Amino acid sequence: MQSNEALVSMEVEAVPSEPSSASASLPPKPIFEPLKAHEMSDGRVQFRKVSVRPHRYSPLKKVWMDIYTPVYEQMKIDIHMNLKGRKVELKTRADTPDVSNLQKCSDFVQAFMLGFDVIDAIALLRMDELYVESFEIKDVKTLRGEHLSRAIGRLSGKGGKTKFAIENATKTRIVIADTKIHILGSFANIKVARDSLCSLILGSPAGKVYSKLRAVTARLAERF
């Protein structure tokens, strides 16, 4: 009895499954061309506006062509200065290759307004993993009067020595504008630079920060 059941099960397993006629009669998959930037927004023009602070108006006039050329010719984004509203206005064109170019150009102009040099800020157009992070000294520790002045002095160092040392070690760029601090770099490098700056604000001596910075950057170099 058991042998008969085994023979039946073997016969059932040996029967090949017939291919379904539905899968054989399916039409070929359509091939669509990628949408262009102006087609993604149904042909609508997208805008960005970046405010120009009074103290950045003169520097902007001096380097306007250095900002205009990469934005207009390479990123294919229209840019012009609204003199009445004191704003830099950006908008997409029909030949803009990618929608993200508009945001990249906006970040580039905004970085210049925060105080970064054009040659440093232009990296935002060419690399996707760069960011600008901003914070204030009062976010780390509430300081007033001379204590605040000494904290700003510790961040810069004599002749900017401390700031340059942190920039070179972490491959970032730092702008110290009164009590506001702006850092341009990759996510991991910004974190290392921010930790070093926070230690200085809290009162750590520069020598101790340097030694810790060397150890952290050595670990980062091994990891990457």
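## The model and how to read it

The model is a prediction, so local features need pLDDT of at least 70 and side-chain atom pairs count only at pLDDT 80 or more, while totals for chains, interfaces and linings use all residues. Residues are numbered from 1 along each chain as its sequence is written, and side-chain values use heavy atoms, with hydrogens and water left out.

The protein has 13 helices and 6 strands; these are DSSP runs numbered from the N terminus, with helices being H or I of at least four residues and strands E of at least two. Of its 224 residues, 33% count as buried. Here buried means under 20% relative accessible area, exposed means over 50%, and partly exposed lies in between (1.4 Å probe, protein chains only). Among contacts in the protein with a separation of 6 or more, 57% are between residues 24 or more positions apart, where contact means heavy atoms within 4.5 Å.

Let us begin with helix α5. Its residues Trp64, Ile67, Pro70 and Val71 are buried. Viewed down the axis of α5, the buried residues fall within an arc of 160 degrees, so they line one face of the helix; the arc is that of the directions from the helix axis to the C-beta atoms. That buried set packs against α4 (57-62), β2, β3 (87-92), α6 (100-114), α7 (118-121) and α8 (123-126). On the face of α5 turned away from the buried side sit the exposed residues Met65 and Gln74.

Just after α5 comes lysine 76, with a positive phi of about 60 degrees. Lysine 76 belongs to the loop between α5 (64-74) and β2 (77-82) and is partly exposed, at 29% relative accessibility.

## Tyrosine 57 in α4

Helix α4, one of the partners of α5, holds tyrosine 57. Tyrosine 57 has a relative accessible area of 16%, so it is buried. Which residues does tyrosine 57 touch, leaving aside its neighbours within four places in sequence? They are Val52, Met81, Leu83 and Arg86. Tyrosine 57 and arginine 86 are 29 residues apart in sequence, and their C-alpha atoms are 8.4 Å apart in space.

## Helices α11 and α13

Two packed helices are described by the angle between their axes and the distance between the axes. For α11 and α13 (residues 206-223), the angle is about 10 degrees and the axes are 10 Å apart. That makes α11 roughly parallel to α13, since angles under 35 degrees count as roughly parallel, those over 145 as roughly antiparallel, 65 to 115 as roughly perpendicular and the rest as oblique. Axes are lines fitted to C-alpha atoms, for helices over the stretch in contact, and angles run from 0 to 180 degrees between N-to-C directions.

On the α11 side, the contact is made by Lys161, Thr162, Ala165, Ile166, Ala169 and Thr170, and on the α13 side by Ala206, Tyr210, Leu213 and Thr217. By class, there are 6 nonpolar, 3 polar and 1 charged residues. In this scheme Ala, Val, Leu, Ile, Met, Phe, Trp, Tyr, Cys and Pro are nonpolar, Asp, Glu, Lys and Arg are charged, and the others, Gly among them, are polar.

## Threonine 170

Threonine 170 lies in α11 (residues 161-170) and is buried, with a relative accessible area of 2%. Its side chain reaches the backbone oxygen of isoleucine 166 at 2.6 Å. A polar contact of 2.7 Å also joins the side chains of threonine 170 and threonine 172. Such a contact is a pair of N or O atoms within 3.5 Å; within protein, one must be able to donate a hydrogen and the other to accept it, and residues adjacent in sequence count only if both atoms are side-chain atoms. Not counting residues up to four places away in sequence, threonine 170 touches Asn189, Val192, Ala193 and Leu213.

Aspartate 178 sits in the loop between β5 (173-177) and β6 (180-186). Although not a glycine, aspartate 178 has a positive phi of about 60 degrees, and it is exposed, with a relative accessible area of 58%.

Within strand β6 is histidine 182. Is histidine 182 buried or exposed? At 5% relative accessibility, histidine 182 counts as buried. The side chains of histidine 182 and serine 134 make a polar contact (2.7 Å).
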